[in-house]
Amino acid sequence: MPRSQPPLDDEHIMLPEQLARRFECAEAEIGIPGVVEVGRYRYATAYERMRKQSHPDGLEICFLSRGFQTYRVNDAIYRLRGGDAYLVFPGEVHDSGGMPEEKGELYWLFVRLQPAGQPLLFLNAEAAAELRRSLLDLPSRHFAAEEGTRERLETVVAGLQRGEARGPLDRLALAGEIQAFLLATIRGSHGNRRAAPSPRIQRCVNFIETHPAERLDVPQLAALVQLSPSRFKTRFRTEVGLPPREFVLRHKLAVAEAMLAKAGARVTDVAHALGFASSQYFATVFRRFYGRSPSTALKPKRHSPASS
């Protein structure tokens, strides 16, 4: 008997500017057995949360190449950073845990794995069955993807955008890239590698997190860890998953959200306390990353009952 699942949400209608930053290619256009959808978004600002959804017959593989993103599946919260992969298995209800779809770059792939016996990536029956079994038995849902994952997925997306899946040999070439990506996903899930930043970069992260009110810039942070600004930016983004300036902003906003939730907080006071040039600029940055105004984070005022 199938396990009961919570009801799914109605699909929300995306804004035109959000759609303009997304690419999605469906099964009929892809023309590769078992590949249901390939997609990518590049968001410069946050958008409405992802509603509850489920894919009864397919595995969804997401790769966050840049930014941070929160997902929820089976009531567990997963927080992705740039370079992470995340899996949703067939039939699992998932959403973004009430958080917006954040600023960043994300790739996704849906591959049909059920029922067994269907064609998959032009493989023979034995190879398709082994790949299907390996994907359904992956031990880790959230892990650091292998180096080169973005380049491989961008090759697939770019090929589909240019219409390179029209001829048999073109589809075979794209299927090879997807197969390589799936094999890398299997290795990554079994390795469950979540590398921590190096001591030098972690020292910088700690400094940022303990000085939210300061206006920190790249040269200052680079000097702190005795690296050139260009080398520092490269290492920080590789090890943390975000450019240093964006990490600083995100941490300020996380602190701001906690401050705004306190009784009597005012947006202007919080903005100035955290080193923003003005409350207007603070509101612009808050909206870009959270998709809402900072005033929505204020604790509602309690009204005393009217005297009789």
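**View A. Gly241 and the end of helix 8.** Just after helix 8, Gly241 adopts a positive phi of about 100 degrees. The model is predicted, so that local features are reported only at pLDDT of at least 70 and side-chain atom pairs only at pLDDT 80 or more, whereas totals for chains, interfaces and linings use all residues. Residues are numbered from 1 along each chain as its sequence is written, and side-chain values use heavy atoms, with hydrogens and water left out. Helix 8 comprises twelve residues, 229-240; helices (H or I, at least four residues) and strands (E, at least two) are DSSP runs numbered from the N terminus. From its first C-alpha to its last, helix 8 reaches 16 Å, close to the 16 Å expected at 1.5 Å a residue, the expected span being 1.5 Å times one less than the number of residues.

View B. Phe232, Arg235, Phe236, Glu239 and Val240 are the buried residues of helix 8. Buried denotes under 20% relative accessible area, exposed over 50%, and partly exposed the range in between (1.4 Å probe, protein chains only). Viewed down the helix axis, the buried residues of helix 8 fall within an arc of 100 degrees and therefore line one face; the arc is that of the directions from the helix axis to the C-beta atoms. The face turned away from this buried side carries the exposed residues Ser230 and Thr238. The cover over the buried residues of helix 8 includes strand 5 (76-81), helix 6 (199-210), helix 7 (218-224) and helix 9 (244-260).

**View C. Glu246 in helix 9.** Glu246 is part of helix 9. Its relative accessibility is 9%, so Glu246 counts as buried. Leaving aside neighbours within four places in sequence, Glu246 is in contact with Gly67, Lys103 and Phe289, where contact means heavy atoms within 4.5 Å.

**View D. The nonpolar cores and the surroundings of Leu182.** The largest nonpolar core has 34 residues, and Leu121 and Leu182 have the most contacts inside it. Strand 1 (22-26), strand 2 (35-43), strand 4 (58-73), strand 6 (84-88), strand 9 (104-112), helix 3 (125-136), helix 4 (149-161) and helix 5 (168-191) each supply at least two residues of this core. Helix 5 gives the most, with six residues. Not counting residues up to four places away in sequence, Leu182 touches Ile61, Leu109, Leu121, Leu131 and Leu135. Another core, of 16 residues, lies apart from the largest one and has Ile201, Val205, Leu221 and Val225 among its members. A nonpolar core is a set of buried Ala, Val, Leu, Ile, Met, Phe, Trp, Tyr and Cys residues joined through side-chain atoms within 4.5 Å.

**View E. Cysteines without a disulfide.** The whole structure contains zero disulfides, a disulfide being a pair of cysteine sulfur atoms within 2.5 Å. For the sulfur of Cys62, the closest cysteine sulfur is that of Cys25, and the distance of 17 Å is too far for a bond. Cys62 counts as buried because its relative accessibility is 1%. Cys204 is buried as well, with a relative accessible area of 0%.

View F. The peptide bond from Gln114 to Pro115 is cis, with omega near -5 degrees. Pro115 is located in the loop between strand 9 and helix 3. Phe122 also lies in the loop between strand 9 and helix 3. Phi of Phe122 is near 65 degrees, a positive value in a residue other than glycine. The relative accessible area of Phe122 is 40%, so this residue is partly exposed.

**View G. Asp75 between strand 4 and strand 5.** The loop between strand 4 and strand 5 holds Asp75. Phi of Asp75 is near 65 degrees, which is positive in a residue other than glycine. With a relative accessible area of 76%, Asp75 is exposed.

**View H. Ala277 and Arg215.** Ala277 is placed in the loop between helix 10 (267-273) and helix 11 (279-290). At 62% relative accessibility, this residue counts as exposed. The C-alpha atoms of Ala277 and Arg215 are separated by 9.6 Å, although the two residues are 62 apart along the chain.
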